[in-house]
Amino acid sequence: MKKTEVSFTVNGETHKVNVETNALLLNVLRDDLGLTGPKYGCGTGQCGGCTVLVNGEPVLSCLTLAVAVDRADIVTIEGLSKPDGSLDLIQEAFLDHGAIQCGFCTPGMVILAKDLLKRKAHPSETEIREHIVGNICRCTGYVSIVKAIKSCRKKP
Amino acid sequence: MNEMEYARPKSLKEMDRIVGAAKRPVKFIAGGTNVIPDIRAGALSSKLLVDLSGLKELNFVKEEKNEIAIGALTTISNIAASRVIREKAPLLFYAAGQLGSPLTRNRATIGGNLAYASPAADTAPPLLALEAVVHTRRRLGRERKIPIDRFFLGPNKTRLAKDEIITKITFSKPKDPSKGSYLKLGLRNAMTISVLSIAVLLETNGNVCRKARIALGAVAPTPMRAYRIEKKFAGRAIDRKNIEESSLLIAEEISPISDIRASAEYRKRVTSVLFQRAIQEASRGGKP
């Protein structure tokens, strides 16, 4: 199949990749750029494991064509920790609350948590649960994840 | 998934040029939340995928004196966050908030939801109840308006021609937007295709209903209006007797199928139940 050169920024670095027309952003990130943070969970947009930020918005990279994000600004979970390697507040909270078991849902959960807290400093538990409703966890039962996110809220 | 081609016009003029020069069948894509799973199922090899997401001029929510206009490329997230929609068309606001999940809503568009024409399309019952008009455009600027109750022809089939896109959806501002309700029944709390969805919009004078608009999803080959039930309310009181009688009749108005989500029999029963709740909620003035 014909290949197209696309260029986008990922976690602050610009990359030029030759991709097939039907290549999914998820696979390009994982296979071409070695960023295995976003996960292939279901491939149909239902589990949220492939969540990344495109131009600041959380989207499903398994439902995004690489050719469609030419010149976009992409952030994966790898881009959330600081350049010196220290962790974002939310990542620390997940560790402190035992909100990570197998870790498969974690990148998506953390990205959605960060997105929520950027929009609303003190979301209710309902709002937290509704915001992560597109991210499935098979291990934790969500309780520890919700607690971790709650602990990152600014005091009202 | 082979030999598919891709183009992303930055303007309607460029889109015309691309579609006009296309040597293979064209498939339009907006948010991609339905089209990409289709691509992966091999349904679109040998087509030209024309990505409309660059047409920023079709992404808007505008309130005018008597009507509201929503651009076809407006994402469901934007609709679910729009103050104008929340205040002036809460029916659509609630439906938008229950489509998929926050992740799909960030990409899914109202035009795409209608064009894909699932019988369970989430924005369809509210737009039917609002008596919306679908504005379309073909190559070389040929435009037309299609009333939404004439837009759907069957499962995943609409009146759109192969080179025709939706540009915007308009509807008159309801007289009393609060007298509406939207209920969606699914097998889980989110990211679920409706087993049944119902939208009700009433115009009342005290306890008398001047006009009722009742729309249903997932219980017929297309989203539909229950015109015969609406007539039973016109000019009459919204009382227990009327509601009970209509809840039995509405099961005869629909033509659901049995599928992996629910049986036809269950859909008929649950339509009667949710219809009662929807009418009661609408006449009380919607959600608290």
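Predicted model: local features only at pLDDT ≥ 70, side-chain atom pairs only at ≥ 80, totals over all residues.
Residues are numbered from 1 along each chain as its sequence is written, while chains are lettered from A and ligands numbered from 1 in the order written.

Helix H10 of chain B covers residues 240–253. Its 14 residues reach 20 Å from first C-alpha to last, close to the 20 Å expected at 1.5 Å a residue. The expected span is 1.5 Å times one less than the number of residues. Helices (H or I, at least four residues) and strands (E, at least two) are DSSP runs, numbered from the N terminus. B:Ser246, B:Ile250 and B:Glu253 are the buried residues of H10(B); buried means 20 or more other C-beta atoms within 10 Å of a residue's own, with C-beta atoms placed from the backbone. They pack against helices H9 (227–233) and H11 (264–284) of chain B.

Chain B has three assigned domains, with bounds from an automatic or database assignment.

| Domain of chain B | Residues |
|---|---|
| Domain 1 | 5–51 |
| Domain 2 | 58–172 |
| Domain 3 | 180–284 |

The C-alpha centres of domains 1 and 2 of chain B lie 20 Å apart. Their contact (C-beta atoms, placed from the backbone, within 7 Å) takes 10 residues from domain 1 and 15 residues from domain 2. H1(B) gives the most to the domain 1 side, with three residues.

Methods. Buried ≥ 20, exposed ≤ 12 C-beta atoms within 10 Å, placed from the backbone. Contact = placed C-beta atoms within 7 Å.
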